[in-house]
Amino acid sequence: MNKLKVGFVGWRGMVGSVLMQRMLEENDFKNYTSFFFSTSQAGEKCPFGFAESEYLIDANNLEELSNMDVILTCQGSQFTIDVYDKLKNQNWDGHWIDAASHLRMEKNAVVVLDPINSDLIDKSYSGGVKTWVGGNCTVSLMLLAIHGLIKENLVEWVSSMTYQAASGAGANNMRELLSQMGYLFNSVSDMLENRQGSILDIDHKITSAMLDKNMPINNFGVPLAGSVIPWIDSDLKNGSSKEEWKGQNETLKILGSQYAPVKVDGLCVRIGTMRCHSQALTIKMKENLSIEQINEKISAGNQWVKLIINERDATINQLSPTNASGKLDILVGRIKKLNLDSNMISLFTIGDQLLWGAAEPLRRILSIISNK
Ligand code: HSE
């Protein structure tokens, strides 16, 4: 079988680097003839010995791009806007795999999350679809967590309250979060050793430091360390953020017609963690199942779900971003019935937003296409 010629764009950024790492770990590159493009360093030596071209190729060169069977980009929406239509207009017939959100809602694009929508992917592939887009991280992580309930058509609606990591806002934001933490620590470090000192004096100084002009806030615009930011992405001017809008709309697009529609809404909140998104879900079930049945179904959802028993010690030791970072595990815990309604449950789920939330679905769709 001929290997597909795959052009990688944006492979040096944060999502791109995680993708490269995963592809190297899984020994994926042996399956492709790989070309590495760059928007800014064309002509420089490619760091990968297995690459087909020894030098980086210009990612703005449409002729070079159009030689590819597949273009996989983690470069961001602006690159997609600049290049995708031009390539299509010159009748390029390859597959476009994209980490950015720009094409997600296009009629001819599939939002890929193959553990859940492999039937939709297969059907779309047969129908001639060639545009494959990774979903919003929060949505993908949520769907993987409740996969076991969705596939049995047990979910009427989900209210998702998110605790999203700095990485979702970008690499610079991760650095800024740490700079903010350091700035706050430095502002009181001499007071911390003095056990007789007043914690209220320390707190007062921290609040002043957060608000003073040297607090590093260029990226977030406000302090995140020691605080939270209850708004993610743009303002839709109807009371919701774009991130919250994605919850409903991307869920429906990912599920397609294979599953019953699920209603989703909630609030999306940025918190001071590095790369794992957490979500507290309230779920209205269609049936009144026991906790044992619910645990069993959630565990059986897919091989990445890791159920954590709803007890204090297990929860604080295992259900945390610290335990999910850098792993493909989808942690799910705090599953309990709510007193509000016999069909309502809560759960808390955590996943690495750079892995299942971004790079992994792209790595997998590339492999699916190449095996067709
Ligand atoms: N929009 C997400 C966030 C990340 O800001 O956390 C990308 O899906």
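Author: Two strands count as paired if DSSP finds at least two bridges between them, and the strands themselves (E, at least two residues), like the helices (H or I, at least four residues), are DSSP runs numbered from the N terminus. By that rule strand β1 (residues 4-9) runs parallel to strand β2 (residues 32-38), and five bridges join them. Within this pairing, phenylalanine 8 stands opposite phenylalanine 36 in β2. The model is a predicted one, in which local features need pLDDT of at least 70 and side-chain atom pairs count only at pLDDT 80 or more, while totals for chains, interfaces and linings use all residues. Residues are numbered from 1 along each chain as its sequence is written, and side-chain values use heavy atoms, with hydrogens and water left out.

The strands β1 and β2 belong to an open sheet of seven strands with parallel pairing, whose order is β3-β2-β1-β4-β5-β7-β6. At its edges lie β3 (57-58) and β6 (109-112), each of which pairs on one side only. An unreviewed UniProt entry annotates residues 5-124 as "domain: Semialdehyde dehydrogenase NAD-binding"; such annotations may be inferred rather than shown by experiment, their feature names are shortened, and their positions are given in the numbering used here. Over residues 5-124 the chain is 33% helix and 22% strand, with the end C-alpha atoms 21 Å apart.

Now to the salt bridges. Side chains of opposite charge can pair when their charged atoms come close. A salt bridge here is a side-chain nitrogen of Lys or Arg within 4 Å of a carboxyl oxygen of Asp or Glu, and a search of the whole structure finds 18 of them. For the surroundings of each partner, buried means under 20% relative accessible area, exposed means over 50%, and partly exposed lies in between (1.4 Å probe, protein chains only).

In one of these salt bridges, glutamate 25 meets arginine 22, with the closest N and O atoms 2.7 Å apart. The two residues are three apart in helix α1 (residues 14-25), so about one helical turn separates them. Glutamate 25 is exposed at 54% relative accessibility, whereas arginine 22, at 7%, is buried.

A second salt bridge joins the side chains of aspartate 93 and lysine 130 at 3.4 Å, N to O. This pair links distant parts of the chain, 37 residues apart, since aspartate 93 lies in the loop between α3 (77-89) and β5 (95-98) and lysine 130 in the loop between α4 (114-126) and β7 (131-134). Aspartate 93 is exposed at 54%, while lysine 130 is partly exposed at 23%.

Glutamate 156 and lysine 284 form another salt bridge, their closest N and O atoms being 3.8 Å apart. Here too distant parts of the chain are linked, with glutamate 156 in strand β8 (residues 155-163) and lysine 284 in strand β10 (residues 276-285), 128 residues apart. Glutamate 156 is partly exposed at 32%, and lysine 284 is buried at 17%. Elsewhere, salt bridges that share partners join Arg22, Glu25, Glu26, Asp28, Glu360 and Arg363 into one network.

One further residue deserves a look, namely asparagine 27, which is placed in the loop between α1 and β2. Its phi is near 55°, a positive value in a residue other than glycine, and asparagine 27 is partly exposed, with a relative accessible area of 47%.
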